[in-house]
Amino acid sequence: MADWPKHPFLCVAIWAVLALLLVVPIGFAAGSPLLQWRVGIYILAGFSGVAAMSLLLLQPLLAGGYLPGVSSAQARRLHRWIGCSLVVLVIVHVGGLWVTSPPDVVDALLFRSPTVFSYFGVIAMWAVFASALLVTLRTRLSFALWGWQQIHTGLAVVIVIGSVVHALLIVGTMEMITKSLLCLAVVIALLVILVKRRRWGRQSHMIRRR
Amino acid sequence: MTRELITRRNLLVTGAAALVTSATGLMVPAQAAGVAPTRSMRGGANNYRPGAPIVQRIGNGGFWMSGTVRRAGDGAPLAGQRIQIWAHTTEGRERDARSHGATLTDADGVFRLEMPQIVPTFGQPHAHLAYDSGDFETVFLRPVMRSPGDTSLEAQFVLQAA
């Protein structure tokens with residue numbers, strides 16, 4: 001990360017691409033014709049989901065220290081704040097949908113919905129909650145949990161796969177191309193950090209053997 | 001050399017194979033002879049309001065919901081059967097009373113009701129239909145449109161005597 005300031009053009013390019021990936025899908029969703037036939041709470045629920053999908057992109061980037069100009073302390077703090085935001089957004093998303101059509105949400109939560117995407121969404125939701133709970137236990141109660149980071153990363157994989165499949169299968173306010181690009185970016189960001197973690201794991205393993 | 005049965009690769013391959021098989025619909029239960037009764041679809045009864053009135057048209061129309069009602073076994077068309085229809089449309093939500101209406105089948109067991117354009121809700125452009133008159137077993141259907149731009153949708157009922 002210390003190398004970032006040496007490449008100012010790269011810094012600007014990364015932030016510009018990131019800003020586009022975060023803002024453009026939300027902008028297209030805001031222009032969806034479907035909104036005119038929806039009531040406020042349903043719109044709020046939908047956009048909570050869209051916002052969560054956007055913020056999800058930042059999580060692996062912050063965890064891997066890939067954001068230029070962000071110190072590791074800042075990155076950690078931001079990662080935590082965004083994690084909290086994801087929990088809130090997921091609750092607003094599911095709660096808002098519940099108010100809009102209770103039977104559809106009950107079906108989804110009980111895994112008896114006719115729509116496949118709701119299974120992925122509900123699994124991702126529980127993974128988000130589990131992830132938040134795990135981190136809370138670790139930080140607040142100094143809970144010395146062996147391998148918490150591996151579990152956290154495992155949950156992140158579930159969250160990303162669940163959210164991406166959930167989003168892609170939905171015929172909703174998000175526009176297909178911008179939605180796909182955002183999903184692709186989230187998957188790539190996750191893969192990059194997984195590869196990086198794997199390399200670290202090997203190194204630490206080698207160090208231990210020595 | 002020991003050979004692990006549950007490797008990551010085996011898990012992935014088995015899981016993927018199971019997913020693909022279930023998605024292709026290759027796994028179907030054995031069918032009885034004759035025309036099998038239609039089973040209620042998952043989520044078909046969601047936002048159902050019993051006793052929707054028989055109407056000429058729901059709202060201002062523009063979209064056609066149609067289908068047939070037949071008897072299980074011999075597949076004979078059933079005339080005069082009441083089919084209730086509701087959906088999220090350009091004029092109202094699924095749960096709104098004005099989004100609900102019913103129609104009767106003709107002598108050929110065909111029903112056809114004009115309603116407002118269905119728009120996607122909860123991730124899919126879909127309609128709900130119910131047979132709930134008592135002579136036959138209740139059936140709730142939830143057909144999905146191929147494209148949100150479609151202006152018609154069909155649903156077929158095969159009813160079994162109650």
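Biologist: How many residues from chain B and from chain A make up the contact?

Modeller: Counting contact as heavy atoms within 4.5 Å, 20 residues come from chain B and 25 residues from chain A. This is a predicted model in which local features need pLDDT of at least 70 and side-chain atom pairs count only at pLDDT 80 or more, while totals for chains, interfaces and linings use all residues. Residues are numbered from 1 along each chain as its sequence is written, and side-chain values use heavy atoms, with hydrogens and water left out.

Biologist: What area is buried between chain B and chain A?

Modeller: Taken as the accessible area (1.4 Å probe) that two parts lose on being put together, summed over both, the buried area is about 1800 Å², with 56% from carbon and sulfur atoms. On the side of chain B, B:R42, B:N46 and B:F122 lose the most, together 37% of what that side buries.

Biologist: Why are α1(A) and α2(A) called roughly antiparallel?

Modeller: Helix α1 (residues 8–30) and helix α2 (residues 40–64) of chain A, which are DSSP runs (H or I, at least four residues), pack at about 170° with axes 10 Å apart. Angles run from 0 to 180 degrees between N-to-C directions, the axes being lines fitted to C-alpha atoms over the stretch in contact, and those over 145 count as roughly antiparallel, so the two helices are therefore roughly antiparallel.

Technical notes: Chains are lettered from A and ligands numbered from 1 in the order in which they are written. Angles under 35 degrees count as roughly parallel, over 145 as roughly antiparallel, 65 to 115 as roughly perpendicular and the rest as oblique.
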